[in-house]
Amino acid sequence: NITGYVYYQMDDMPKAMSTYREALSQPGLPLSMTRNLLTTLAQLSMASEDYAAAERYARELIDKQTEDAITPMNYILLAQSHIGREQWQAANQPLQTALRLQEEAGSKTRENWLALLSAPYIGLEDYPAMREVLYTLVELYPKEQYLMNLAALHGQLGETDRQLALVEALMDDDRLEQGHHLMSLANLFLAHNMPYKAAQVLEREMRAGRIETTQRNLELQSQAWYLAREQDRAIEPLQEAAKLADDGELYLRIARLYMDVYEWSSAEQAATRAVEKGDLRKPGDAWLLQGMARAQLGEYDRALKSFSLAAEHESSEKSARQWQQFVINERSRMEALRL
């Protein structure tokens, strides 16, 4: 037994296993020693992913139990050997037995055993049963991860109102700390047509550093502000995202946002940045927006140059020709007024 432990500490698993098996084969072993060796062999078999051997040792352990010494852990070992082979139905029964024995002994249900019980239900896609396990887990061990798992399960079962209520309550109680959980909340707000709250979460948590300030997250924040009809607030995160982007597409989107709020000078600058950064799907659109902004600023000659470039692209040619004619007419009208 001691030699096996030494081999185990030396990370020589084959020698450790063979030594423990040799110890188990010794005649006249006390029952307590036999149980200890079988437990060790079951655990090492699990660690070696030899689940069939782990099952054999676990069953032998259970067979050697006496009425006054029934150990719940033996059933957990048996369940784990089945879970390792994805034998979900077979794993469920020994798990339930272990939990029942723990309860009958008047002990608090172990956290890791309850967490283990969810594995067969996930494998069997028995989500209502898994929900009951999670209810028990969050009651006894109300950790962020279990509460978020319960929220995700509500979503899986189509109970999206419960999902949102649970996650929002966690945020209000300052119990959401992990970035991906906070992102889940923001996406839930968007899915429930609450973009203002989504934008607030994204803005606050990126500022706090709990949500990573990436191009994708900044774009999502901008989209949330836009959907909340806060066009002005949608621009700033999009500008930050545009700096991180490899192409000028986001600057083109910024130009459109500025056009929506009648900020012609800023729209012209954003369109120019889009052209400069390049790699646009429809470069003619950038020239067109640049020309439109210049036309609104009364810079007719510069606008006509932009429209000429936009007209070289099929996607924007028709609009560019129309704007060219409008600008020519407008310039003539303004010149006539000055006379």
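In this predicted model, the axes of helix α14 (residues 231-244) and helix α15 (residues 249-260) come within 9 Å and cross at roughly 160 degrees. Angles over 145 degrees count as roughly antiparallel, so α14 is roughly antiparallel to α15. The crossing of α14 past α15 is left-handed.

On the α14 side, the contact consists of Ala-234, Ile-235, Leu-238, Gln-239, Ala-241, Ala-242 and Lys-243. These residues meet Leu-250, Tyr-251, Arg-253, Ile-254, Leu-257 and Tyr-258 of α15. By class, the contact of α14 with α15 holds ten nonpolar residues, one polar and two charged.

Helix α6 contributes Trp-88, Gln-89, Ala-91, Asn-92, Leu-95, Gln-96, Ala-98, Leu-99 and Gln-102 to the contact. Helix α7 supplies Trp-113, Leu-114, Leu-116, Leu-117, Ala-119, Pro-120, Tyr-121, Gly-123 and Leu-124. The contact of α6 with α7 comprises 13 nonpolar and five polar residues, with no charged residues.

The table sets out the two pairs.

| Helix pair | Angle between axes | Axis distance |
|---|---|---|
| α14 (residues 231-244) and α15 (residues 249-260) | roughly 160 degrees | within 9 Å |

Definitions and conventions. Residues are numbered from 1 along each chain as its sequence is written. This is a predicted model: local features need pLDDT of at least 70, side-chain atom pairs count only at pLDDT 80 or more; totals for chains, interfaces and linings use all residues. Side-chain values use heavy atoms; hydrogens and water are left out. Contact means heavy atoms within 4.5 Å. Helices (H or I, at least four residues) and strands (E, at least two) are DSSP runs, numbered from the N terminus. Ala, Val, Leu, Ile, Met, Phe, Trp, Tyr, Cys and Pro count as nonpolar, Asp, Glu, Lys and Arg as charged, and the others, Gly among them, as polar. Axes are lines fitted to C-alpha atoms, for helices over the stretch in contact, and angles run from 0 to 180 degrees between N-to-C directions. Angles under 35 degrees count as roughly parallel, over 145 as roughly antiparallel, 65 to 115 as roughly perpendicular and the rest as oblique. A crossing is left-handed if the near helix is turned anticlockwise from the far one by less than a right angle, and right-handed if clockwise.
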